[in-house]
Amino acid sequence: MPMCGITGFIGNNAAANALEGLRTLEYRGYDSAGIAFATKEGRIKVVKTVGDVSALDKKLAAEDMSASNFAIAHTRWATHGGVSDANAHPHTDCTGKVAVVHNGIIENFQALRSELTSRGHNFSSETDSEVIGHLIEENLRTMGFVDAALAAFRRLEGSYAILAAYEGSPDALVAAKNQSPLVLSAGDGFAAAASDPVPLAKCSKEGLFLEDGDFAIIKKGSLEVLDLRTGKKVGRKPIVFGTGSVFSDKQEYPHFMLKEIYEAPAAIRLAAMQEPAALEKAARLVRENRVVFVACGTSRHASLVGRYLFNRIGGKFCEVVVASEFPYIAKNIVDDDLLVIAVSQSGETADVIEGVKIAKARGAKVLAITNVVGSSLDRISDCALHLNCGPEIGVAATKTFVAQLSLLYLLASTVVGKKDDEKRKLDEVSRILENSLPGWDAVGRKLSQRLAKEPAAYFIARGPNFPTALEGALKFKEITYIHAEGMAAGELKHGTLALISKGTPVIAICPNDYTHAETISNVMETAARGAFVIGCSDEPNSAFDELIAVPKVEEHHFPLVFSIPLQFLAYHTAVLRKNNPDRPRNLAKSVTVK
Ligand code: M6R
């Protein structure tokens with residue numbers, strides 16, 4: 001049920017290692033956390049709690065984990081079933097000898113639960129995941145742990161990355177994967193498993209990325225992968241972990257989000273460093289096919305800017321489809337002359353992965369734009385371009401949005417043979433931005449004093465900056481919890497203007513370009529109703545109550561430039577409201593459920 005992070009370790013200090021890994025996975029969820037580890041008596045001990053890994057650390061303070069030679073751990077993002085200690089993972093069977101952590105949704109859990117209950121099993125949580133341990137328990141009556149787990153996992157329908165431990169089999173953990181990610185690594189005297197490569201990259205340079213339908217036996221120094229259905233061995237080639245696998249710390253910044261906003265200039269330069277052959281291949285695919293972008297959230301907003309870029313730079317019309325809606329329209333638009341550009345920072349977003357699978361099944365080609373080398377999206381696509389901008393820990397996407405836009409500028413320009421020119425321009429823009437960051441930080445802090453008390457804010461723009469308005473509003477609402485709407489400025493008069501009254505904040509993204517005059521007219525319409533107008537522009541205007549000044553850049557680079565002061569605005573408003581911008585309530589960084 002939950003969309004979560006899981007880790008497992010077998011070897012010395014297993015519990016400490018599993019916990020250390022879990023800390024780097026909290027971006028996947030932080031409602032509750034738990035661990036199951038082997039005690040010195042060889043029993044399984046489960047400790048779990050509502051809250052994040054630091055809450056778990058407190059609960060574990062009195063435990064002796066030094067003798068643990070295996071452990072599995074979990075950090076949860078609740079979907080079905082409330083946030084409670086009982087619903088936190090790991091879950092056990094009736095005997096407490098089997099422990100399981102799970103990321104995904106067991107769709108047939110109700111049928112399995114009734115069946116198991118009718119045979120006398122007692123359940124202690126509301127989760128779908130708990131059935132897994134009880135299924136293993138039943139099978140253990142007649143077979144060994146590996147076979148018992150294989151038979152249990154074969155009964156599951158839905159999405160899962162599972163790690164299971166059994167105190168009767170301290171030398172092996174078992175794992176299975178379908179739709180949710182799971183990576184394994186092994187070395188001298190240890191083996192480990194995790195939802196992404198970051199926890200593993202500290203002790204291994206490479207790992208096995210399990211494929212859907214894989215079952216794995218994890219032992220000290222060895223990994224064996226079987227086909228879950230047939231039980232036959234399958235070969236999985238190790239993949240070298242990318243630079244994005246190195247976990248970064250906050251350095252001197254109070255939050256990851258602020259640090260990552262400041263990394264924007266570097267993100268532009270890093271995203272522009274594409275391998276020429278991959279970029280040319282991607283450009284050829286764009287030239288030769290109809291194009292549709294499939295993405296969610298911030299990545300969708302980057303795709304919407306991409307649509308304008310392909311149109312204005314590349315002379316190409318394309319569409320952007322919300323990934324979760326793609327299955328409903330795919331039938332009529334997908335065939336073998338379609339290129340799906342799947343944009344996903346994490347490369348694990350379930351809606352995007354599903355869209356890509358549908359597209360591939362109907363013969364379409366897939367170009368991935370992702371930050372995570374070796375992610376599910378990276379692996380299933382025909383061609384991939386990587387953002388290269390290092391891990392983004394804050395749940396709110398900041399530097400990766402900037403990197404996505406940079407890559408899309410480069411791609412659109414490569415399509416028309418102007419790659420080198422665009423690379424040079426992006427480098428120039430990154431230098432200009434470097435000088436602007438401290439000023440935007442300060443103005444964001446100042447304006448947050450005004451915005452933090454407001455019940456709502458409206459972000460408007462036209463043309464390629466319309467997606468910037470959508471993104472500004474998303475960033476603002478996701479971390480401030482203030483209602484925010486982004487819209488095409490021309491749409492105001494078709495409804496939303498009714499919500500503008502004295503003092504309503506309107507953030508007008510208003511470059512002095514071909515959209516300027518009409519956007520200013522829309523700003524005037526809001527000002528006439530008493531709006532408090534924050535103009536975000538390279539040109540002061542008397543219609544603005546406040547100005548966020550941006551440098552003059554080439555017109556198609558404005559979305560890149562505007563996105564950053566809007567990130568500062570959201571950040572400072574969230575901090576003033578005492579929210580943790582790195583971990584907005586109810587959200588998670590990697591959305592691996594549909
Ligand atoms: O990893 P993805 O780019 O596929 O994630 C998509 C969205 O979940 C993500 O952009 C989300 O909207 C961000 N938290 C917004 O800041």
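Modeller: The lining of the largest pocket divides into 11 nonpolar, 12 polar and 5 charged residues. Here Ala, Val, Leu, Ile, Met, Phe, Trp, Tyr, Cys and Pro count as nonpolar, Asp, Glu, Lys and Arg as charged, and the others, Gly among them, as polar. The model is predicted, so local features need pLDDT of at least 70 and side-chain atom pairs count only at pLDDT 80 or more, while totals for chains, interfaces and linings use all residues. Residues are numbered from 1 along each chain as its sequence is written, and side-chain values use heavy atoms, with hydrogens and water left out.

The volume of this pocket is about 600 Å³. The search runs on a 1 Å grid over the protein atoms alone: a pocket is an open set of points with protein on both sides within 12 Å along at least five of seven lines, a cavity is a set where a 1.4 Å probe fits but cannot get out, and lining residues have an atom within 4 Å of a point. Points are joined across faces, edges and corners, and a volume is the space filled by probe spheres set on them.

The pocket is lined by 28 residues, and those nearest its centre are Cys296, Gly297, Thr298, Lys589 and Val591. Two or more residues come from each of α9 (297-312), β17, α11 (350-361), α13 (399-415) and α15. Helices (H or I, at least four residues) and strands (E, at least two) are DSSP runs, numbered from the N terminus. The largest share is from α9, which gives 5 residues.

Of these elements, β17 belongs to an open sheet of 5 strands with parallel pairing, in the order β16-β15-β17-β18-β19. Neighbouring strands are turned by 20° against each other on average, direction ignored; the axes are lines fitted to C-alpha atoms, and angles run from 0 to 180 degrees between N-to-C directions. Two strands pair if DSSP finds at least two bridges between them. Strand β17 (residues 338-344) runs parallel to β18 (residues 365-370) and is joined to it by 6 bridges. In one of these, alanine 342 has alanine 368 of β18 as its partner.

Most of α15 is covered, with 12 of its 15 residues buried. Buried means under 20% relative accessible area, exposed over 50%, and partly exposed in between (1.4 Å probe, protein chains only). The buried residues include Leu470, Glu471, Lys475, Phe476 and Ile479. Just after the helix, tyrosine 481 takes a positive phi of about 65°.
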